[in-house]
Amino acid sequence: MTRFARITGTGSSLPPWRLSNADMVDMLARRGVETSDDWIVERTGIRARHFAAEGVYASDLAADACRHAMSAAGVAAQDIDLIIVATSTPDMVFPSTAAILQHKLGMAGCPVFDVQAVCSGFIYALTVAHSLIATGTASKALVVGSEVFSRILDFNDRTTCVLFGDGAGAVVVEASDIPGILATDIHADGKHSGILCVPGHVSGGAILGDPLLKMDGQAVFKLAVGVLEDTARATLAKAGREAADIDWLIPHQANIRIMQSTARKLKLPMEKVVVTVDQHGNTSAASIPLALDHAVRSGQVKRGDTLMLEGVGGGFTWGSVLLDF
Ligand code: UT7
């Protein structure tokens, strides 16, 4: 019998400190940096984001999201046999945030590791979990996206600092007789690594290079709108489904204009697109599971719905997962 992988529970976590665009305008004005609510809303669709307090790490947000996901799935921590964390803002250089998370959840023994594919990280992590479950290596996985991007933002650069936020989303993925994940598709092209990066690194006890986020927004935008259509069509073809079969498109939440463009190309009305970028900003690897959990808890996404999850980001990386929820 084919061994499938199904999402059986979702959870998320947002730090309590919420900054509206007005708060951001005030904060940046104190540094002599000019922006406006109108510009941010018109160009990105973002109205607010959450920032973690000092001392709160990606593993803390991840632990909170995982507890909600395990409770929704009715799965106990000791039954989990795999943890994958997608993050570009790990607690430490090493060990992995997944290892720290495992201990915070009171677990030991199962394999744990991080995936680094920036905003496509959750799609990569879900793809890996799917493969490990399908081959019998794991049966009950926690797949998490967790980020504290506020730590790597340059608040003197208005072209990037207004875009990002902190948060985490998690899913429990279990082996199942029924699908489940129908098809996955992941890609990268490293020649574009410079258009979205944090170029600094640790060497000899010091940070060499710039440890803050740099982005060529227009270059990322142009690449994103092309690859998001391509990868959606690739997973649909692998699964033998049509775009019209999608009940909900849950794209990476970076910019409402990118989401509108993808929906238009797939001939999906915006009513079928889950949008949380307005309230969360771009939370990188966390954005898709965070949006999924909000859509499940608000009653938008229901059991049996067909979901297209899509990510794109630094690397350059992109990919998608088509699943029956
Ligand atoms: O998560 C990974 C994936 N990331 C993305 O998908 C991001 C993709 N890129 C984007 O979403 C968009 O390119 C941005 C939102 C980053 C920028 O939007 P844009 O429409 O491409 O704006 P732009 O970079 O062309 O800038 C237009 C103008 C510039 O002024 P001038 O040169 O025309 O006078 C900028 O200086 O807007 C100015 N500007 C701002 N003004 C007020 C840039 N940032 C701001 C700001 N407030 N925060």
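**The ligand shell and its surroundings**

Sorted by class, the residues of the shell around the ligand are eleven nonpolar, nine polar and three charged; here Ala, Val, Leu, Ile, Met, Phe, Trp, Tyr, Cys and Pro count as nonpolar, Asp, Glu, Lys and Arg as charged, and the others, Gly among them, as polar. The model is predicted, so local features need pLDDT of at least 70 and side-chain atom pairs count only at pLDDT 80 or more, while totals for chains, interfaces and linings use all residues. Residues are numbered from 1 along each chain as its sequence is written, and side-chain values use heavy atoms, with hydrogens and water left out.

In total, 23 residues surround the ligand, a residue being near a molecule if one of its heavy atoms lies within 4 Å of it. The closest are T35, R43, Q218, N255 and N282. At least two shell residues come from each of α2 (37–44), α6 (158–161), α7 (217–239), α8 (256–265) and β14 (306–313), where helices (H or I, at least four residues) and strands (E, at least two) are DSSP runs numbered from the N terminus. Of the elements, α7 gives the most, with four residues. Domain 1 (4–179) and domain 2 (182–324) each supply at least three residues of the shell; these bounds come from an automatic or database domain assignment.

A polar side-chain atom of W39 lies 3.0 Å from an oxygen atom of the ligand.

The peptide bond from F94 to P95 is cis, with omega near 5°, and P95 is found in the loop between β4 (82–86) and α4 (97–104). Another cis peptide bond, with omega near 5°, runs from P179 to G180; G180 has its place in the loop between β7 (166–176) and β8 (181–188). V118, a residue other than glycine, has a positive phi near 50° and lies in the loop between β5 (112–115) and α5 (121–134).

Notes
A polar contact is a pair of N or O atoms within 3.5 Å; within protein, one must be able to donate a hydrogen and the other to accept it, and residues adjacent in sequence count only if both atoms are side-chain atoms.
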